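Dear colleague,

Here is the structure I promised to pass on to you. Please open it beside this message, and then read the notes that follow.

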Amino acid sequence: MLDIVIIGGGVVGCAIARELSRYKLNINVVEKNEDIATGISKANSGIVHAGYNEKQGTLKAELCTRGNALFDQLAKELDVTFLRNGALVVAFTDEDVETLNRLYKNGTQLGVQGLSIVTKEEARKIEPTLSDQIIAALKVPTSGIINPYELTIALGENASMNGVQFLRNSKVTSIEKLEDGTYNVFVNEVTKLHTKVVINAAGLYSDQIAKLLGNKVPTITPVKGEYCLFNKIVGGNVSTTIFQVPTETTKGILVTPTSDGNLLIGPDAITVSDKEDVTTAKKALIKLLATGNFSVPGTPVSAMLTTFSGLRPRTEQGDFIIEEDEWNKGMINLIGIDSPGLTAAPAIAAYVKNLVAKVLPLKERTDFNPLRKRIPMFSKMTVDEKNALIKEKPAYGKIICKCELITEGEIVEAIHRPIGAHTVDAVKRRTRATLGGCQGLGCLFPIAKIISRELNIPLNQVMKNEPGSNAIGFKEEK
């Protein structure tokens, strides 16, 4: 019997898995997609929010500020890039300035450190590319940026190193509560996982998972946010994250550097009905660019690499719901974990651990290892470091992705890591291969060949992402 089944391999599910791997527990993470970090966690702003905009007395406010404070140590332990680059919330009207004052007061009362309202001149001294139409700004020094899927994968890898098992391409189809209070979790309608505790961290589908046991929970309404991603040539146009004043539906259209050196504009907030609708629309993107240009004029459209969208699991309550099912002891539901869910993730994990401790005895492991090392980044090394690595592992001497300077050695390691990459997009999330100017045109085929070789599968069975997305094509029948 398992101790815990965690449903969902996003940043929250993986953070919970890592936190609980500190204890002597038998844990499985069940993810319906082909890889972890493929839902909400792969397509968001990557902002570690300070928390000044959260409503006092809510879980969002409590866990956002607590989570923000954990990121420096977390990033150090997991060897991921985290930059506490700060943010400016810019005002264009007197009404906007009133909003800044409200945000300053709210954030200060919530314990957000270092907030101050600065003049137009002070703001433009920090960010010279800011519009000359702004009249003031809220300075937020504790805001930061991180790659959301890099963090998720790092959390998952560290959990795996500490004994957590990950099941991918594994959709939970039903849950059965037994007379002794334990549960059978059925995966793909066939596999049965017998467990003492179920943690429902299924993101957009967490309401549906909760309802499998008849629990009446708020319905999740997907809110789509579209983004424009620019290449590294304009990545230095701003050094801080630039927000416009928040609205009821969004924290404000932002212009921000990414932790990888690109520039990002977005997101908007559009309510949709389809939980898989990650399409983009030209009209929405044109409006997005115009809004971003209002804050930071002159970002060249010619420097745009790609557009994408992500979904947020919003409920009418507007707050995180993290609680044990009233009628089903040992079933813990996490519902409506939208923004600032990424920021709150490490604090959510600790919160859930305390809920688990009321159901299961938690005995600390003496061999827990909090440290995880990233794949060597060949492009960041000195010449001597490169030569030494190539001598040890010759595959690092062959560049596969010329745009991002990703080597065969990095791709091979991505395939054989804990929770290894089995698709082209999984390699992308672990190495940045295909994320450069050609967007995979020059390296998709070589990457697919490496996956085929390393996993000993036919080339035509290598997927770009989900099953059926053959990266190369179908084998002709004879």
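V48 stands opposite G144 in β8. Please keep in mind that this model is predicted. Two bridges join β3 to β8 (residues 144-146), and these strands run antiparallel. They belong to an open sheet of three strands, in the order β3-β8-β4, with antiparallel pairing, and its edge strands, β3 (47-48) and β4 (82-83), each pair on one side only.

**The nonpolar cores**

The largest nonpolar core has 53 residues, of which I4, I199, I322, L334 and I348 touch the most other members. Among the elements that give two or more residues to this core are β1 (2-7), β12 (191-200) and α8 (341-356), and the largest share, nine residues, comes from α8. Leaving aside residues up to four places away in sequence, I4 touches a set of residues including L20, I27, V197, I199 and V356. Apart from this core lies another, of 24 residues, among them I400 and A433.

Most peptide bonds are trans, and most residues other than glycine have a negative phi. A cis peptide bond, however, joins G266 and P267, with omega about -10°, and P267 has its place in the loop between β16 (263-266) and β17 (270-271). Another cis peptide bond joins S339 and P340, with omega about 10°, and P340 is found in the loop between β20 and α8.

With kind regards

Conventions:
Residues are numbered from 1 along each chain as its sequence is written. This is a predicted model: local features need pLDDT of at least 70, side-chain atom pairs count only at pLDDT 80 or more; totals for chains, interfaces and linings use all residues. Side-chain values use heavy atoms; hydrogens and water are left out. Two strands pair if DSSP finds at least two bridges between them. Helices (H or I, at least four residues) and strands (E, at least two) are DSSP runs, numbered from the N terminus. A nonpolar core is a set of buried Ala, Val, Leu, Ile, Met, Phe, Trp, Tyr and Cys residues joined through side-chain atoms within 4.5 Å. Buried means under 20% relative accessible area, exposed over 50%, partly exposed in between (1.4 Å probe, protein chains only). Contact means heavy atoms within 4.5 Å.
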